[in-house]
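I keep these entries as a record of what I looked up in one protein model. The sequence and structure come before the notes.

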Amino acid sequence: MLDYGLFTFASKDEVLEKSSTYWNPGKTRFWVDSGVPLVIDRREGYFLYDVSGRRLIDVHLNGGTYNLGHRNPEVVAALKQAMDHFDIGNHHFPSLARTALAEALIASAPKGMSKVIYGSGGGEAIDIALKTARHATGKRRIVSIVKAYHGHTGLAVGTGDDRFAKLFLADRPEEFTHVPFNDLAAMESALRARDVAAVIMETIPATYGFPLPAPGYLEGVKRLCETYDALYIADEVQTGLMRTGELWAITKHGITPDIMVTGKGISGGLYPIAAVLVSERCAGWLTEDGFAHMATFGGAELGCVAAMKTLEICNRPQTRSIVHHASDLIGRGLERIRADHPGWFTGIRQNGLVIGLEFDHPEGAKHVMRQLYDNGVWAIFSTLDPRVLQYKPGILIDPSLAEEMLDRTAHAIARAAKEVHR
């Protein structure tokens with residue numbers, strides 16, 4: 001019996017059956033068929049526990065939502081204290097928490113950001129960013145990369161892979177142009193007509209498997225934006241908040257974006273919130289008509305409190321040190337594992353704790369994912385390139401857990417190799 005007070009199930013099988021009946025049959029069936037019938041129960045730090053009691057080291061972190069771990073004690077304490085005074089708030093009015101977080105975000109941001117606009121999730125924040133770019137430039141067209149992913153909401157889905165856009169008739173090639181990653185010539189060709197409002201780029205494309213930008217590529221895209229009067233939108237939803245060893249990955253390239261988006265991890269994993277940071281050039285609509293975008297839950301005051309504590313933890317010098325040490329330890333460990341499987345485990349894409357593991361099989365990462373799950377580690381394959389496993393350790397991970405994670409990973413990769421090559 002699984003008894004949680006307000007809801008009770010007779011067994012895990014009943015949860016899976018009713019999940020398929022009442023929630024999402026496609027997702028439920030996919031995970032069961034993939035050998036990952038996970039129903040998450042307790043969660044703490046970098047551990048998940050299935051309702052059966054099995055423990056998993058979380059190296060997926062829901063796209064970085066749990067950078068600080070599940071139910072981080074400091075964020076939990078801040079939120080509990082805030083609940084004695086705040087609730088969601090009223091999005092129409094000036095707010096203590098929203099104002100304080102906006103000031104803190106601008107202080108932490110790349111030079112040139114001046115205003116903050118709130119959403120309740122990353123997709124909505126991308127929509128806000130695209131609308132803002134169109135208003136600021138008077139242009140409509142948006143350029144993104146092939147196999148991009150920026151969310152599933154109205155405008156955001158058009159910037160991403162056709163798999164998600166065409167299903168809902170949201171593919172609009174006349175408005176959303178996709179060019180190959182790491183191809184400056186293709187980018188210039190897309191911008192040359194000077195009819196582009198903005199180029200939107202994940203600093204390291206996550207759902208595409210973390211391909212790393214070639215040296216000078218992002219800097220070149222920024223120069224082309226300046227040449228052809230397009231704005232540069234930095235999507236830092238997955239790469240921000242110290243994942244790369246800097247608070248915002250885009251600053252490692254010396255780029256000052258016109259617009260920057262943060263989400264997922266800024267919530268502390270406890271209260272939904274996302275934010276769009278804009279330069280003064282892009283902030284005009286906030287004065288012209290401050291009601292032009294409204295979101296009842298955007299910048300919810302409890303979410304702002306969770307975000308402020310998250311931002312403070314990420315900004316600590318010791319957090320930066322942990323990330324740099326863990327990046328080195330895990331990177332060296334993965335190289336040792338790769339050396340043992342040269343024809344199978346073929347590459348490591350790493351920038352800090354943003355890591356993609358490449359395998360020599362069209363769906364190699366799915367095999368490794370399943371073996372990791374069986375061996376007590378949860379990491380997910382890249383949706384748009386299933387050769388690549390997304391491997392995202394938490395930014396506060398301690399060395400002993402990192403070593404255990406590597407040991408389990410080595411075992412899983414070896415077993416996956418035997419499974420594929422038998």
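**Loop residues with positive phi**

I began with Lys147, which is partly exposed, with a relative accessible area of 29%. I take buried as under 20% relative accessible area, exposed as over 50% and partly exposed as in between, using a 1.4 Å probe and protein chains only. I note that the model is predicted, so that local features need pLDDT of at least 70 and side-chain atom pairs count only at pLDDT 80 or more, whereas totals for chains, interfaces and linings use all residues. Residues are numbered from 1 along each chain as its sequence is written, and side-chain values use heavy atoms, with hydrogens and water left out.

I placed Lys147 in the loop between β7 (141–145) and α7 (162–165). Helices (H or I, at least four residues) and strands (E, at least two) are DSSP runs, numbered from the N terminus. The phi of Lys147 is near 65 degrees, a positive value in a residue other than glycine. I recorded this angle because most residues other than glycine have a negative phi.

I then turned to Arg194, which also is not a glycine and has a positive phi of about 60 degrees. Arg194 sits in the loop between α8 (184–191) and β9 (196–202). Its relative accessible area is 46%, so Arg194 counts as partly exposed.

**Helix α13**

Is Gly364 buried or exposed? I found Gly364 buried, with a relative accessible area of 0%. Gly364 belongs to helix α13, which covers residues 364–374. Leaving out residues up to four places away in sequence, Gly364 touches Trp344, Phe359, Pro386 and Arg387; contact means heavy atoms within 4.5 Å. I also looked up Ala417, which is 53 residues from Gly364 along the chain, and the two C-alpha atoms are separated by 8.7 Å.

Gln371 is in helix α13 too. Gln371 is buried, at a relative accessible area of 8%. Which residues does Gln371 touch, not counting those up to four places away in sequence? I listed Ala412, Arg415, Ala416 and Glu419.

**The second largest pocket**

I read off a volume of about 600 Å³ for the second largest pocket. His91, Arg98, Val116, Tyr118 and Leu286 are the closest to its centre among the 20 residues that line this pocket. The elements giving two or more residues to the lining are α5 (96–108), β6 (113–119) and α10 (284–288). Strand β6 gives the most, with 4 residues.

For the terms, a pocket is an open set of points on a 1 Å grid over the protein atoms alone, where a 1.4 Å probe fits, with protein on both sides within 12 Å along at least five of seven lines; lining residues have an atom within 4 Å of a point. The volume is the space filled by probe spheres set on the points, which are joined across faces, edges and corners.

**The whole protein**

I counted 14 helices and 17 strands in the protein. The radius of gyration is 21 Å, close to the 22 Å that the globule rule gives for 422 residues, so the protein is as compact as a globular protein of that length. This radius is taken over C-alpha atoms, and the rule is 2.2 Å times the number of residues to the power 0.38. The C-alpha atoms fill a box of roughly 60 × 55 × 45 Å along the principal axes. Of the 422 residues, 56% count as buried.
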